[in-house]
Amino acid sequence: METFNQTPSQTVGPFFAYSLTAKQYGYNYNSIITDSLVNDSIEGERIFITGKIFDGENKVIPDAIIELVQYFESENQDVTSKIARVGTGTSEDGSFIFTTVKPKPIKGQAPFISVVIMMRGSLHHLHTRIYFADETEKNKEDLLLNSIPEDRRNSLIANRLQKNNQIFYEFNIRMQGENETIFFKI
Amino acid sequence: MESTQAPFLYPEYKSTIFRSPTQPLMIVKDHLKDLTLPVFGESHIQKFDNDLTKNAQINGEPIGERIKVFGKLMDENGRGIPNALIEIWQANSAGRYIHKAEIHDAPLDPNFLGAGRLLTDNQGLYQFYTIKPGAYPWGNHFNAWRPNHIHFSIMGHQIEHRLITQMYFPGDPLFEYDPIYQSVPQHARHLMVSKFSIDKTDPEFALAYEFNIVLNGKLKSNFE
């Protein structure tokens, strides 16, 4: 079978907001992907995923865009996915915040959320994953986490924080440096 | 087959220096297989989402050269990827983005936003109308200008079917000076350049440019 050459990736650039995250940034265009992974039909306690993206000079990146994909398993084991998207340019401190419910384990894996990161200065979108610090036992048995060198595994684990009776999981992304986030080849 | 992709670090594009990973990407493919992306439907698309000449009109038509962009979204075997979400954004005909942080001294067009979206059809084909974007200056180096381009964000149904890219126009004199374009290996740069099509040009209405897009990997059979 003939193989076609893959189209090259290019940077998302700095000016994506009026298309990809129009509602969040206050542009006069609708958004079909929002900052929430859940709708009213999904039960469970709401949690917030929050964090910042740091560059190689440890500066917060204020013009990146993050997508989360979460998987939901039905009673008959059908898996569906939902996507949410946030830019880091509308909060004062460059943080992002998503609303969801804590994911349940799917197919024997520890609970996780898939992450895609795009920004000016990155010629490719980057894939990583959020795992949850309070899932110690399941994390220990997770095949993907175990395939990662132990000293870098922590870059994928979000810490649980409680503020004003709300549950936050903090997930910071480091593009470079000592605690550089692990990115996956897809 | 030789890679068609840019490196992560391309120092001539200065922002990559502190924003690109320094460690090799981890190969975890076996653990990621079968991961899907959500399906979007016609209910997510508004009437003029695929016509940027109409979706932001306030008191008239946007200024500039009206064009039609069309093509096929496919996997590496050339099979069309149906029902994929394509989101687009671009500068106006004067080379000005509507983005609030953009300060280039060129006029905004009250009748042009520069954003749109569409779904590919059951053959993986797509088409939209827009205004040909202008070139604009940026701060990468002295006298730096971006070639005319339209940004594409593409989301198929599998985790590997995600692509962010830019579509260029044939024969742009700025190609040789643009480090974002040049970051891609020379043999693959033509894959980002649309082709003018007289056959698909709408007589007395709009020139047509063809831009076919090939995603990473193969389409799984349940999406055929």
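Here are legends for a few close-up views of a predicted model.

Residues are counted from 1 along each chain as its sequence is written, while chains get letters from A and ligands get numbers from 1 in the order in which they are written. Because the model is predicted, local features need pLDDT of at least 70 and side-chain atom pairs count only at pLDDT 80 or more, whereas totals for chains, interfaces and linings use all residues.

**View 1. Here is where chain A meets chain B.**
On this view, 53 residues of chain A are in contact with 59 residues of chain B (contact means C-beta atoms, placed from the backbone, within 7 Å of each other). On the chain A side, the elements giving two or more residues are α1 (17-20), β4 (79-87), β6 (112-119), α4 (143-146) and β11 (184-185). Helices here are DSSP runs of H or I with at least four residues, strands are E runs of at least two, and both are numbered from the N terminus. That side of chain A splits into 28 nonpolar, 18 polar and seven charged residues; Ala, Val, Leu, Ile, Met, Phe, Trp, Tyr, Cys and Pro count as nonpolar, Asp, Glu, Lys and Arg as charged, and the others, Gly among them, as polar.

**View 2. Now for a pair of strands from two chains.**
β11(A) runs parallel to β1 (residues 26-27) of chain B, and two bridges join them. (Strands pair if DSSP finds at least two bridges between them.) Look for A:F184, which sits opposite B:M26.

**View 3. Next comes β6 of chain A.**
Buried means 20 or more other C-beta atoms, placed from the backbone, within 10 Å of the residue's own. One face carries A:F112, A:S114, A:V116 and A:M118, and the other has A:I113, A:V115, A:I117 and A:M119. β6(A) pairs with β3 (residues 64-73) of chain A, antiparallel, over six bridges, with A:L68 partnered by A:V115.

Six bridges join β6(A) and β7 (residues 126-132), which run antiparallel; A:V116 faces A:H127 across the pair. Six residues lie between the two strands of this hairpin, and A:G121 in the turn has a positive phi of about 90°.

**View 4. Last up is an open sheet in chain B.**
Four strands line up as β4-β3-β8-β9 with antiparallel pairing. β4 (115-119) and β9 (162-168) are at the edges with a single partner strand each, so one side of each has no neighbour in the sheet. Inside the sheet, six bridges link β3 (residues 85-90) and β8 (residues 149-155) of chain B, and B:Q90 has B:I150 as its bridge partner.

Conventions: Contact = placed C-beta atoms within 7 Å. Buried ≥ 20, exposed ≤ 12 C-beta atoms within 10 Å, placed from the backbone.
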